[in-house]
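Please read it alongside the model.

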Amino acid sequence: MANLIQPSRGGGGHFYTKDGDAVEGGLREARKVGAFPSVTTVMGCAKNYGLENYKREQFGLALLTLNRKKGETDDEFIARADLDANDQSAKAMEKGTHIHNLWENIDSVIGENTLDEKRIEIMRDWKAENILKIEQSESVVVSQAYGFAGRFDTLARVKDGTKDGELMLLDLKTSDPKGKKLKPWESYCMQLSAYSLALGMDVACANIMFNSTDKPEILFHRWERSEIEEARGGFLGVLAYWQWANNYRPQDVG
């Protein structure tokens, strides 16, 4: 059985107690209280091709756009380019967090600038058109049976022409498509498959892809059940590896 905590406490985290509290610190602190690794922590030990491509792209752009300083060695220039790429990645994460906060507080938030006002309008229009009822939001789910936890964005009733609507897990992802079409990564499917496994419910899964540039738009991508089932098998394999590599199975503690 999974423990579903709403609202989640203490913000996001790498580990959660069985009661859904975020644990300060890493694996050492988690061991002391028998805490469960988050879905993203577990997935961190698997190669994420989309993320790796993004990092390489940022590093390449830094090499192309930074001016070489007089007398700077190759190693010094490469190190400075690496720092610049990391800085750009950090700014992208900050923007993503900001947009997530808009989505989380969409019914009450007020835009502080023209771009945010546009983002909020698009989000509200999409929600009004597609969401029948929000069941849970920003909630922690804990699977004591499998030994992991996680914080998901939204569990909602989505309009499907029926009175009750379809129960669906929704996860917001932000992206700068660089002039191309918004496209979900396979890792998004694995993340949702893990949340649905922890929930122990027959629930559909989808990503809300949000364009984070000054031309905001939403792409709704629903994953097929066969894709979720296949991704779930992949996640359980990664979870088994994570537990083996760290010599830690929190489901056996206590």
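## Aromatic pairs, a pocket and backbone angles

Trp242 is buried, at a relative accessible area of 6%. Buried here means under 20% relative accessible area, exposed over 50% and partly exposed in between (1.4 Å probe, protein chains only). Tyr248 also counts as buried, at 5% relative accessibility.

The model is predicted: local features need pLDDT of at least 70, side-chain atom pairs count only at pLDDT 80 or more, and totals for chains, interfaces and linings use all residues. Residues are numbered from 1 along each chain as its sequence is written, and side-chain values use heavy atoms, with hydrogens and water left out.

The protein chain has an average pLDDT (the predictor's confidence in each residue, from 0 to 100) of 87, and 91% of the residues score at least 70. Residues 1-12 fall below 50, yet beyond near neighbours in sequence this stretch has 42 contacts in the model. A contact means heavy atoms within 4.5 Å.

The model holds 8 aromatic pairs. Rings of Phe, Tyr and Trp (its six-membered ring) pair if their centres lie within 6.5 Å; planes under 30 degrees apart are stacked, over 60 edge-to-face and the rest tilted. Two pairs are tabulated.

| Pair | Centre to centre | Angle between planes | Class |
|---|---|---|---|
| Phe152 and Tyr195 | 6.4 Å | 55 degrees | tilted |
| Trp242 and Tyr248 | 6.4 Å | 65 degrees | edge-to-face |

Phe152 lies in strand 5 (residues 148-158) and Tyr195 in helix 6 (residues 186-199), so this pair ties together parts 43 residues apart in sequence. Helices (H or I, at least four residues) and strands (E, at least two) are DSSP runs, numbered from the N terminus. Phe152 and Tyr195 are both buried. Ring pairs also link Phe15, Trp242 and Tyr248 into a cluster.

The second largest pocket contains about 160 Å³ of space. Its lining includes Trp103, Lys127, Glu138 and Asp153. Strand 4 gives the most to this lining, with 4 residues. By class, the lining has 4 nonpolar, 2 polar and 5 charged residues.

Which phi value does Glu138 have? Phi of Glu138 is near 45 degrees, positive in a residue other than glycine. Glu138 sits in strand 4 and is buried, with a relative accessible area of 12%. Asn247 has a positive phi too, near 50 degrees. Asn247 follows helix 7 (225-246), in the segment after it, and is exposed at 68% relative accessibility.

Conventions. 1 Å grid on protein atoms, 1.4 Å probe; cavity = no way out; pocket = protein on both sides within 12 Å on 5 of 7 lines; lining within 4 Å. Points joined across faces, edges and corners; volume = space filled by probe spheres on them. Nonpolar A, V, L, I, M, F, W, Y, C, P; charged D, E, K, R; others polar.
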